Each structure stands twice: as C-alpha cells, then as structure tokens.
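These are my notes for a colleague opening this entry for the first time. Please read them with the structure on screen.

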Amino acid sequence: MSEVLKKIGQLVISLTGVVIIWSLFANSGFISQKLFPTPGQILRAAIDLYQDGVLMSDLQISLTRAAVGFSIGASLGIALGLLTARVKVVSVALEPFLNLLRPIPAIALVPVAIVWFGIGEGSKYFVISYTVFLAVWLNTHAGASDVASTYIRAARSLGASKTREFFEVIIPASAPMIFVGLRLGAALAFLSLVAAELSGASSGIGFRLQDARQFIRTDRMFVGLIQLGILGALLDAAFAYLGRRLVHWENA
Amino acid sequence: MNAQTDIGRIDIKEAEVTFKSPGGDRVEALAATDLVIDPGSFVSLIGPSGCGKSTMLNAVGGFVPLTSGVIELDGEPVKGINPDVGVVFQQYALFPWFTALGNVMFALKRFKISKQERLERAYAALKEVGLEGRERTYPGQLSGGMRQRVALARVFVTSPKVLLMDEPFGALDAQTRVAMHEILLRIWEAHRTTVLFVTHDVDEALILSDCAHIMSAGPGRIIETMDVKQERPRHVDNIGPDFLEARNHIIRLLRQPGGKDH
C-alpha cells in the first residue's frame with residue numbers, strides 16, 4: 001500500500017512541476033497563447049467540451065471502437081498464434097504471409113479501410129483489430145513456439161492426451177508472452193484508433209483533434225491529447241495488473 | 001505395488017544412439033550396449049558429462065530414438081513415451097501454473113476413477129513425501145527440495161512400472177540432498193518400482209543403488225558394473241569400509257584417461 005502511495009506522490013510532484021513550468025512558459029509572452037495555451041485555458045476548454053456533452057460521448061465512442069477492435073484482433077491473434085506455433089500445416093501456410101504483413105503500418109491501411117468499409121465503425125474496427133492482431137499473434141507465436149521441452153516431456157510421460165497437453169501445458173506456458181502481446185496490443189489499439197479517427201470520422205477523440213485544428217483551437221487539441229495520455233496509462237496499468245494476477249507464477 | 005513381482009524388467013539389447021553434431025559429424029552418444037535391469041531393483045548410471053548416461057535414460061524413456069538395437073520393457077519394445085515409465089527430470093519440470101496438488105492431479109487424470117478418488121490419492125501421495133498442509137502451494141513458493149518432493153509424489157502416485165531419474169537432486173544443497181535420499185529410499189522400499197538413476201555423484205549412487213554402472217565418454221559406454229553390498233536401510237552416517245573401498249575404486253576409475261573429468 002505504501003508503495004502505491006509513494007508512486008502517487010511521485011506522480012503528483014512530477015505533474016505539479018510540469019504544470020508550473022508550463023504556466024510560466026505560456027504566460028511569458030514568448031509565444032502566442034493561441035498556439036500554446038496555459039493550463040487554465042486547457043482546463044476551461046475541457047469544461048466547455050464536457051458541458052457540451054462532447055467530451056464524454058467522444059470518450060465513449062473512442063473507447064468502444066478500441067475495445068471492439070482490440071477484442072477481435074486479440075482473439076484472432078491468440079488463436080492463430082497458438083496454431084502457427086504448434087501446428088505444422090498452419091505454420092507453413094500462414095507464417096510467411098503474416099511476416100510480410102508485419103511491416104505494413106496500420107495508418108497505411110486507413111485509406112483501404114475507408115474504401116472497403118466506409119467512414120463508419122467498420123473501418124475503425126478493421127484498422128484497430130489488424131494492428132492488435134499482429135502484435136498479439138507475434139508474441140503468442142513466440143511464446144507458444146518456445147515452451148520448455150521439459151514441460152512437454154513431463155506432460156507426455158504423465159500420459160496427457162494432445163488436447164490436455166495443449167490446454168493444460170502449452171497455453172499456460174505461453175500465457176506470459178500472450179500477456180506481453182495483449183499489453184502491447186492495447187497500446188497499439190490507441191495508436192491506430194487515433195490514426196483511423198484523424199481521417200474519415202465524425203466523432204471520437206481523434207476526430208475532435210482534427211476538428212479543433214480547423215478552428216486552430218489548440219486548447220481543445222491539448223484536451224484530446226491529455227485524454228489519450230490518461231486513457232493509455234490507465235489501460236496499460238490495468239493490463240499490467242491483470243497480467244500479474246493471471247500469470248502469477250511468473251514473478252513468484 | 002510391484003513388490004515381489006516381475007513387473008518392471010528392462011532389457012537393453014545392443015542399444016546404440018548416434019547424433020549428428022551441429023558441424024555434421026556423427027557423435028556416438030551411446031555405443032552398442034547390453035544391460036538387463038531386474039524388476040524392483042535400484043540401478044545407477046554414473047559418469048562424467050558426455051558419457052551417455054542421460055542418453056541411455058532418455059532412450060529407455062522413449063525420448064530419444066535408438067540408432068540400432070532394442071530396449072524392452074517387460075518384453076515390449078520401447079517405441080516412444082510411455083506413461084508406465086515415470087520420469088523425474090533434472091530441471092524442475094513441475095508445472096508452475098498448478099499447485100502442488102494440481103501437479104499430482106495432472107498425473108491421475110488419465111485414470112478412469114472418480115474425482116474424489118483422485119483427490120484422495122493425490123493427498124496421500126503428497127503426505128507420503130512429507131508435504132501435508134502444502135497441497136495448495138504453487139511450486140514457485142516451495143524450496144528446491146520441496147519441489148522435487150512434489151515431483152516424486154507426482155510420479156509415484158501412478159505406480160509406474162519403471163522410474164527414471166535424471167540427476168534429480170543435482171541442484172540441491174548437500175543437506176537437502178541427504179534428506180531427499182531418505183525420502184526416496186523410503187518410498188522406493190514401499191513401492192519397489194524399478195529405478196534407473198543417473199548421477200555424477202559417486203556417494204549418491206552408492207547410498208541409493210543395488211548396482212552401479214560406471215560409464216565413460218567418447219563413445220559413451222559402460223566400463224564397469226559394481227554391486228553395492230551395503231545392507232539396507234542405509235544412511236550416510238553408517239558407512240562401512242566396503243562402501244569406502246567401492247567409492248575410492250569408482251573415483252579412480254572415473255579419473256582414468258578414458259573418462260575425462262567434467
């Protein structure tokens with residue numbers, strides 16, 4: 001508990017410092033407040049957006065997109081990662097193809113996604129799940145390929161069937177790497193969410209950023225950036241916590 | 001379970017294992033070897049690294065295929081991994097995601113018995129190795145000695161015909177190792193499973209076995225077989241002159257140019 005308090009304390013000190021320096025700089029007159037708003041102006045913009053109802057609805061829309069895209073990508077990634085790692089036929093058929101997909105950045109898929117799925121939710125889900133899928137697949141594949149041979153020998157010499165070997169040995173042994181993939185995937189889900197929303201969206205945090213640019217509302221842009229930062233950090237912490245709980249034996 | 005029966009006989013006939021080294025050379029891990037292991041006996045393979053002792057054990061377990069020859073278990077040729085052959089591995093092969101109880105239960109799942117009976121047998125097995133009260137503990141929270149006790153419980157609970165042990169206590173400190181020897185001998189005397197035990201520790205081989213095969217490298221082979229006459233039950237604190245003589249003899253053998261020190 002005192003560890004948590006200590007971390008919160010450090011966070012408060014660090015943030016206070018940043019806000020003070022920011023204020024001094026924004027108020028110094030070196031640079032127009034139109035381009036570099038003060039913390040107070042950003043707070044006011046946030047309150048305005050909240051009162052308009054846009055802040056919460058953007059948050060909800062973006063989170064839903066991220067969650068749906070993440071769920072699709074993560075489930076496919078785990079399933080296919082286990083298969084490409086443990087089933088020869090699947091690995092021969094898919095691994096080279098998936099490795100060719102890896103270098104294609106999610107942003108590059110946005111135009112294709114818009115043509116295929118329109119500017120509605122479909123294109124967002126597609127781009128996000130694609131990004132998450134690759135990260136989760138790669139890590140699951142690595143984890144499941146690298147299961148210690150002693151575990152497999154032990155399972156077989158204890159008379160475990162192939163099915164039991166898969167569910168009771170391969171999956172738990174790969175779980176630490178699967179979680180690495182999920183955590184990375186969650187971070188990437190946000191990245192591609194914003195990429196998808198920046199072009200071709202009419203709602204969401206990314207859209208709001210783009211919208212603010214049209215009116216040179218830097219204060220509103222910063223609201224969006226801070227929202228993304230907080231969301232990302234919370235999500236990462238949640239995944240780290242979940243990982244520690246579910247893969248408890250890793251840090252024992 | 002196998003007391004005074006003929007279950008658990010191992011016949012190794014002209015068994016030979018060669019590997020291809022990464023450089024492409026043929027490495028004779030085990031030269032053609034003949035060996036009969038009587039049911040219910042405790043037999044050690046001892047020698048430096050590279051002498052083929054683990055290879056022989058892995059071949060009996062069906063983990064490594066023979067290049068030529070045959071190994072029979074009660075007359076049946078070994079064709080692959082067989083759950084009638086229990087294995088206690090060198091590294092801890094407990095599943096860290098299962099509790100001590102979960103690990104023992106894993107071994108019992110292949111039997112068509114009720115969950116209740118499985119639980120009873122698993123609890124009894126853990127009690128037998130002195131881990132009563134630790135059933136719900138994860139391996140990560142157990143000491144090295146306790147983990148190998150779980151491994152013993154996991155393997156003895158199914159009453160295998162043969163038990164293979166590959167330097168199971170190599171990573172333990174001297175005192176824990178002595179304690180493990182006592183536990184192992186106590187359980188072995190109750191079950192009388194045939195044990196094939198691989199070690200590079202001369203004292204360990206002599207304390208535990210009825211018979212020790214001394215092996216040497218390049219190619220891996222048995223260079224001498226020694227029956228251990230010491231009465232059972234044995235303890236490190238009542239070692240007789242026979243024991244010392246045998247010990248010195250084996251150490252001299254292992255020092256010979258044929259068997260290089262590791």
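**Notes on the two chains**

1. Strand 3 and strand 8 of chain B pair in the parallel sense, over five bridges. Within that pairing, B:Leu45 has B:Val198 of strand 8 of chain B as its bridge partner. Strand 8 of chain B is also joined to strand 7 (residues 162-166) of chain B, again by five bridges and running parallel. There the bridge partner of B:Asp166 is B:Val198.

2. How many of the six residues of strand 8 of chain B are buried? Six of the six are, so strand 8 (residues 194-199) is largely enclosed by the rest of the structure. In a regular strand, side chains alternate between the two faces of the sheet. Here both faces are covered: one side has the buried residues B:Thr194, B:Leu196 and B:Val198, and the other has B:Val195, B:Phe197 and B:Thr199, also buried.

3. On confidence: this is a predicted model. The predictor gives the complex an ipTM of 0.85 and a pTM of 0.84. Chain B averages a pLDDT of 89, and 96% of the residues score at least 70.

4. Helix 7 of chain B covers residues 241-255. Its 15 residues reach 21 Å from the first C-alpha to the last, close to the 21 Å expected at 1.5 Å a residue. The buried residues of helix 7 of chain B are B:Ala246, B:Ile250 and B:Leu254. They lie on the same side of the helix, because they cover an arc of only 70° around the axis. An α-helix has 3.6 residues a turn, so residues three or four places apart point the same way.

5. What covers the buried residues of helix 7 of chain B? The cover includes strand 3 (42-46), helix 6 (202-208), strand 9 (211-216) and strand 10 (221-227) of chain B. The face of helix 7 of chain B turned away from its buried side carries exposed residues, among them B:Leu244, B:Glu245, B:Arg252 and B:Arg255.

6. Chain B also has an open sheet of four strands, in the order 2-1-4-5, with antiparallel pairing. Its edge strands are strand 2 (26-37) and strand 5 (76-77) of chain B, and each pairs on one side only. Strand 4 (residues 68-73) of chain B is joined to strand 5 of chain B by two bridges, and these strands run antiparallel. B:Leu73 stands opposite B:Glu76 in strand 5 of chain B.

7. Some backbone details deserve a look. Most residues other than glycine have a negative phi, and most peptide bonds are trans. B:Glu14 has a phi near 50°, a positive value in a residue other than glycine. B:Glu14 lies in strand 1 (residues 10-20) of chain B and is partly exposed, with 13 other C-beta atoms within 10 Å. B:Glu167 likewise has a positive phi, of about 40°, although it is not a glycine. B:Glu167 is in the loop between strand 7 and helix 5 (174-191) of chain B, and with 19 C-beta neighbours inside 10 Å it counts as partly exposed.

8. Where is the cis peptide bond that B:Pro219 takes part in? A cis peptide bond joins B:Gly218 and B:Pro219, with omega about -10°. B:Pro219 lies in the loop between strand 9 and strand 10 of chain B.

9. Chain A has 10 helices and zero strands. Its C-alpha atoms fill a box of roughly 75 × 55 × 30 Å, taken along the principal axes. Buried residues make up 36% of the 252 residues in chain A. Helix 6 (residues 121-145) of chain A has 25 residues and reaches 35 Å, close to the 36 Å expected. Helix 6 of chain A is mostly covered, with 21 of its 25 residues buried.

10. The contact between the chains takes 19 residues from chain B and 14 residues from chain A. On the side of chain B that touches chain A, the elements that give two or more residues are strand 6 (85-88) and helix 2 of chain B. The residues of that side of chain B divide into 13 nonpolar, four polar and two charged.

Terms used: Residues are numbered from 1 along each chain as its sequence is written. Chains are lettered from A and ligands numbered from 1 in the order in which they are written. This is a predicted model: local features need pLDDT of at least 70, side-chain atom pairs count only at pLDDT 80 or more; totals for chains, interfaces and linings use all residues. The expected span of a helix is 1.5 Å times one less than its number of residues. A residue is buried if 20 or more other C-beta atoms lie within 10 Å of its own, exposed if 12 or fewer, and partly exposed in between; C-beta atoms are placed from the backbone. The arc is that of the directions from the helix axis to the C-beta atoms. Two residues are in contact if their C-beta atoms, placed from the backbone, lie within 7 Å. pLDDT is the predictor's confidence in each residue, from 0 to 100. Ala, Val, Leu, Ile, Met, Phe, Trp, Tyr, Cys and Pro count as nonpolar, Asp, Glu, Lys and Arg as charged, and the others, Gly among them, as polar. Two strands pair if DSSP finds at least two bridges between them.
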